[in-house]
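Thanks for coming, everyone. I'll go strand by strand, then helix by helix. Please keep the structure on your screens.

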Amino acid sequence: MPRKAAGPVYVKTYSEGEIFLYGGERRALVRVGGRAAGERARVSGGRLIVYGEAHDLKRFITYWYAAETEKIARALVPAWSKKLRVRPLAITVKYMRTRWGSCSSAGRISLNLRLSMLSPDVAEYVIVHELCHMKQMNHSDLFWNEVRSALPEATTLRKKLRAEEREAVL
Ligand SMILES: [Zn+2]
């Protein structure tokens, strides 16, 4: 799923009040010094609350998004794999600069750790898209037929992804 950044590039400064996308919604960064038990970050309404020192913020926020993306993958991949009758070999959540996901011919699926920034239906579309590559390793009409028969609203979700991804940066 190749993606090239379009439009303005937002460069994060990890400063108080800066806007981060989570679940497709904008949250303002609030830093709380010290540490909550086992918790680095959480969202509360329109805020992304991060526990730690200023120099920890980027690292903690990145880990947190990755953990949230892993939760989404655990919640969606088994059910969709069953529905699509595919058996991915491995699902890896990792840093990817320009793509939201990838699928190797062996069935190794990688998901961008920033997936949890997107709206839940958009994140689901990305996962379905990658799983459908296990049936069609290309973007042919056959591939898109697979995607649309799994998710009839795929075309709309793809547009929504394009709109959201400009702000879905770390
Ligand atoms: Zn693709």
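Start at Ala41. Ala41 stands opposite Val50 in S4. A quick caution before we go on: this is a predicted model.

Stay with that pair of strands. S3 and strand S4, residues 47-51, pair in the antiparallel sense over four bridges. Another pairing to look at is Val43, whose bridge partner in S4 is Leu48. What sits between the two strands of this hairpin? Two residues, and Gly45 takes a positive phi near 60 degrees.

Now widen the view. S3 and S4 belong to an open sheet of four strands. The order is S1-S2-S4-S3, and the pairing is mixed. Which strands are at the edges? Strand S1, 19-22, and strand S3, 41-44; each of them pairs on one side only. From one strand to the next, the twist averages 40 degrees.

Go to the S1 side. S1 pairs with strand S2, residues 25-32, in the antiparallel sense, over four bridges. Find Tyr22: it stands opposite Glu25 in S2. This hairpin also has two residues between its strands, and here Gly23 takes a positive phi near 60 degrees.

Leu29 stands opposite Leu48 in S4. Remember Leu48: it is also the bridge partner of Val43.

On to another sheet. Three strands form it, open again, in the order S5-S7-S6, with mixed pairing. Strand S5, 90-94, and strand S6, 101-103, stand at the edges. Each has a single partner strand, so one side of each is left without a neighbour in the sheet. The twist averages 15 degrees from one strand to the next.

How many bridges join S5 to S7? Five, and S5 and strand S7, residues 108-112, run parallel. Look at Lys94: it stands opposite Asn112 in S7. Helix H1, residues 57-84, packs on this sheet and touches S5 and S7. The direction of H1 makes about 155 degrees with that of S5. H2 lies across S6 and S7, running at about 15 degrees to S6.

Cys103 has its place in strand S6. Is Cys103 buried or exposed? Buried: 21 other C-beta atoms lie within 10 Å, and the cut-off for buried is 20 or more. Which residues does Cys103 contact, leaving aside neighbours within four places in sequence? Ile109, Glu130, His133 and Met134. Take Met134. Cys103 and Met134 are 31 residues apart in sequence, yet 7.2 Å apart in space, C-alpha to C-alpha.

Now the helices. Two packed helices are described by the angle between their axes and the distance between the axes.

First pair: H2 and H4. Helix H2, residues 120-132, packs with helix H4, residues 154-165, at an angle of about 110 degrees. Their axes are 9 Å apart. That makes H2 roughly perpendicular to H4, because angles of 65 to 115 count that way. The crossing is left-handed. From H2, the residues are Asp121, Val122 and Tyr125. They meet Ala154, Leu157, Arg158, Lys160, Leu161 and Glu164 in H4. By type, that contact divides into five nonpolar, no polar and four charged.

Next pair: H2 and H3. The axes of H2 and helix H3, residues 141-150, come within 9 Å and cross at roughly 135 degrees. That makes H2 oblique to H3. What is the hand of the crossing? For H2 and H3, it is right-handed. H2 brings Val128, His129 and Cys132 to the contact. H3 brings Phe143, Glu146, Val147 and Ala150. The contact of H2 with H3 divides into five nonpolar, one polar and one charged.

To recap H2: it lies across S6 and S7, packs with H4 at about 110 degrees, and crosses H3 at roughly 135 degrees. Thanks, that's my tour.

How values were computed: Residues are numbered from 1 along each chain as its sequence is written. This is a predicted model: local features need pLDDT of at least 70, side-chain atom pairs count only at pLDDT 80 or more; totals for chains, interfaces and linings use all residues. Axes are lines fitted to C-alpha atoms, for helices over the stretch in contact, and angles run from 0 to 180 degrees between N-to-C directions. Angles under 35 degrees count as roughly parallel, over 145 as roughly antiparallel, 65 to 115 as roughly perpendicular and the rest as oblique. A crossing is left-handed if the near helix is turned anticlockwise from the far one by less than a right angle, and right-handed if clockwise. Two residues are in contact if their C-beta atoms, placed from the backbone, lie within 7 Å. Ala, Val, Leu, Ile, Met, Phe, Trp, Tyr, Cys and Pro count as nonpolar, Asp, Glu, Lys and Arg as charged, and the others, Gly among them, as polar. Two strands pair if DSSP finds at least two bridges between them. A residue is buried if 20 or more other C-beta atoms lie within 10 Å of its own, exposed if 12 or fewer, and partly exposed in between; C-beta atoms are placed from the backbone.
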